[in-house]
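Here is a short briefing to read alongside the model. Take a look at the sequence and fold before going on.

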Amino acid sequence: MTETTENGNYVLVAEDLRKEFGGLVAVNNVSFDVPRGKVISLIGPNGAGKTTFFNMLTGVYKPTAGRIVFLGTDVTGKPPHAITALGIGRTFQNIRLFQNMTALENVMVGMHARMKANLFNSILRTPFVNREEKASRARAMELLEFTGLARKAQEVSRNLPYGDQRRLEVARALGTEPQLLLLDEPTAGMNPQESAEFTAFVSRLRDEEKLTVLMIEHDMRVVMGVSDRVSVLDYGEKIAEGTPKEVQKHERVIEAYLGKAAVEDMKNRGLS
Amino acid sequence: MTQPDIQEEGAAEQIGFRNQLRAGWKALPIAQRIAISVGLELALAILFFFVDHSLGYGVAAVSALYWIHRLPPLPWKVAGQVALIAIFAYPVPTLAAGLAIIFAVFWVPQPLRSRVLPVVAILLAVMYPFYQPKMFVMPIFGVWPDIATGVYMLVFVMMAVGLNIVVGYAGLLDLGYVAFYATGAYTAAWFASLQFPKTTFHMGAVGITPNLPGIHVTIWLLLLLGGVITAFFGIMIGLPTLRLRGDYLAIVTLGFGEILPQIARNSDNFLGTGFNLTNGPNGITPLDSMGFGSHIGNFTHGVLPANYLQCCNATYLGHQIQSTDLFFWTAIALLLVTVFCSFRLQFSRLGRAWIAIREDETAAAAMGIPLMRTKTWAYASGAFFGGVAGAFYAVFKSATFPGDFFFNISVFILCMVILGGMGNIWGVIVGGAFLAYLNQEGLANTGAWINANIHFGSHHPNLDVPLYASGIYGVIILVVVLFRPEGMIPSRRRAAELHEGVHDDPLYDTQHAGAEA
């Protein structure tokens with residue numbers, strides 16, 4: 001791992017990130033950093049700009065203004081594949097697996113940037129290509145094992161149950177060998193038990209794989225259960241940041257989620 | 001890579017006439033179904049017998065073949081097959097032999113069969129010039145295609161396999177493939193003809209006098225060069241156009257497919273400089289011949305002939321070798337190389353990336369696949385094989401004319417890919433061979449058959465069927481797209497996509513999508 005001189009403890013630093021769609025400001029000068037080896041959650045009401053923020057980090061959108069530095073490299077406006085190659089892996093809010101490929105193939109596609117075979121040596125199938133193919137197949141199986149999908153390696157991904165598809169998305173993202181893993185609403189549509197399992201899984205990613213995780217999440221049990229830090233976006237602005245406990249009590253957060261009236265109400269009842 | 005069957009989506013409701021019909025049919029007891037089927041087939045055979053005897057026999061034979069195939073294997077199936085071969089052995093021995101070979105191949109147990117089948121197919125293809133004159137006459141289609149048609153079929157199958165990389169694997173709808181065909185053909189023409197008389201450059205060319213002006217490079221090198229230049233040209237076209245998706249890409253490639261023949265047509269005065277690049281509408285002809293040169297020719301005692309056009313007096317197996325046969329075998333070799341490369345690419349890092357892009361560009365990019373570069377590689381590979389095929393076919397015809405490169409050729413090749421089964425090499429080969437055959441001989445033969453055998457009372461039609469070629473291909477494609485979008489021999493993956501759609505709504509910033517390369 002490359003320690004950077006600038007911000008040794010931070011994997012990712014975003015400065016004054018801004019995104020406008022026409023006149024609409026989706027993300028308004030948000031500064032954000034992700035410390036190494038932590039699980040950071042990004043929460044906020046619907047339409048707060050969380051996914052837009054993610055899409056800027058992964059290069060799907062180009063920021064209108066601001067700067068993104070990942071492991072000391074300025075990645076602002078770089079294309080998605082280059083950012084993935086540098087070490088940011090991601091999953092999608094609405095599952096975007098390669099539906100007609102098997103689970104194993106999906107993970108192997110994820111390893112694209114870490115493989116070197118090209119057109120010519122693939123046709124000749126040189127010993128190098130053979131070795132690489134074998135090694136990446138083995139690594140993909142390991143990742144499927146890790147995500148509990150090993151027995152379904154040869155299944156076409158569209159036929160997997162919903163929870164497995166979510167996990168396969170994570171396995172595929174892990175195939176890119178990320179330093180930072182971005183999870184976009186990973187537990188959406190999961191039942192409480194699946195969510196709890198997933199929470200444990202994210203802790204394992206942090207503790208066993210030494211990964212840094214940044215996730216958008218709506219399920220507060222997941223957020224509170226695993227996050228080291230929570231940041232809250234509302235109307236494209238960061239309104240609060242801190243430990244789960246701090247954020248839970250933060251006035252503006254309650255206001256954003258429940259409205260001003262609720263805050264007044266809580267004050268009146270002496271809850272806040 | 002083996003993968004389990006894609007599960008059939010449980011057809012929850014039986015909506016529509018077709019499904020109701022199917023359900024009603026399935027509700028009948030099996031004996032009734034067999035009786036009705038056999039009855040219908042017999043009636044059809046008898047009806048056709050009165051139109052044309054051989055057609056009646058043909059329908060009966062196909063029906064018999066199907067039912068024998070469904071018999072319980074051991075005593076009955078073998079007995080049926082032996083009986084069928086015995087029936088045909090005397091009147092049409094070649095058909096009996098063909099059946100025997102097919103039956104034999106299908107008795108080989110499965111894992112081995114997939115290896116035996118291609119070997120037998122290749123052997124049959126290579127031996128074709130020897131047994132073609134002895135082949136039986138088919139109902140409707142008449143005599144089997146001659147060797148020149150065989151070369152045509154092989155060249156077009158090769159282009160279809162090339163286009164399959166672009167359309168079938170990477171999902172890039174290319175309506176301008178003819179541009180690659182033309183580039184290959186003109187490359188061969190420039191470097192192996194009298195087109196540039198001011199330069200005299202000889203390099204291994206055969207069958208020409210030593211002082212002949214013009215550039216004369218050996219065709220073997222030109223096949224490669226045609227591929228490489230075309231691939232380069234494909235990259236040039238691809239860089240600006242491959243940023244587009246779907247329909248937009250199709251339109252732009254269509255444009256390039258139109259532009260190139262126009263350039264060929266008008267470049268007898270290249271950009272107004274007076275330089276004669278393509279000889280305009282008159283085309284470039286003749287081209288040098290192919291051959292292995294006198295050294296190899298003498299060394300191998302003519303097995304590898306010095307010059308394809310002056311080869312031939314040897315007789316093997318009762319067949320005097322013609323120069324067309326040599327082109328035919330060369331075309332088989334080229335097609336085999338194409339198919340080989342195509343297979344190797346399919347199951348490689350790049351092949352996976354192509355399929356990923358086809359299924360979901362956004363996710364593919366997020367997985368570290370550089371979209372532009374990967375698509376351009378697909379385009380370049382497809383272009384390469386188109387170029388080689390074009391160069392070879394130009395040499396075979398010893399000519400290249402701008403009129404050969406109309407838009408309809410692009411559509412024709414695309415039809416081959418669609419008919420056969422996008423993404424499946426075997427399907428594309430079968431579809432390509434069939435359509436190319438129809439185009440070259442099949443339609444004309446069919447027309448002759450119709451005119452000879454069909455009449456309404458005293459009215460005898462006098463159809464010129466090849467005139468309706470485009471309409472007929474159109475109908476074929478419509479039928480395929482409506483009823484079997486995955487083609488004759490589909491790839492499983494593609495079949496699933498076509499029936500259930502892919503997840504590929506664009507998520508890109510329009511201002512940004514171009515920034516990668």
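Helix 8 of chain B is mostly covered, with 14 of its 14 residues buried (a residue is buried if 20 or more other C-beta atoms, placed from the backbone, lie within 10 Å of its own). Please keep in mind that this is a predicted model, where local features need pLDDT of at least 70, side-chain atom pairs count only at pLDDT 80 or more, and totals for chains, interfaces and linings use all residues. Residues are numbered from 1 along each chain as its sequence is written, while chains are lettered from A and ligands numbered from 1 in the order in which they are written.

**Helix 8 of chain B**
- This helix covers residues 178-191; helices are DSSP runs (H or I, at least four residues) numbered from the N terminus.
- From first C-alpha to last, helix 8 of chain B reaches 20 Å, close to the 20 Å expected at 1.5 Å a residue (1.5 Å times one less than the number of residues).

**Chains A and B**
- In chain A, 36 residues are in contact with 38 residues of chain B (C-beta atoms, placed from the backbone, within 7 Å).
- Helix 2 (80-86), helix 3 (103-110) and helix 4 (119-124) of chain A each give two or more residues to the side that touches chain B.

**Domains of chain A**
- The domain assignment gives domain 1 (7-87 + 178-244) and domain 2 (99-177), with bounds from an automatic or database domain assignment.
- The C-alpha centres of domain 1 and domain 2 of chain A lie 25 Å apart.
- Domain 1 of chain A brings 9 residues to the contact and domain 2 of chain A brings 8.
- Helix 2 of chain A gives the most to the domain 1 side of this contact, with 3 residues.

Note on methods
Contact = placed C-beta atoms within 7 Å. Buried ≥ 20, exposed ≤ 12 C-beta atoms within 10 Å, placed from the backbone.
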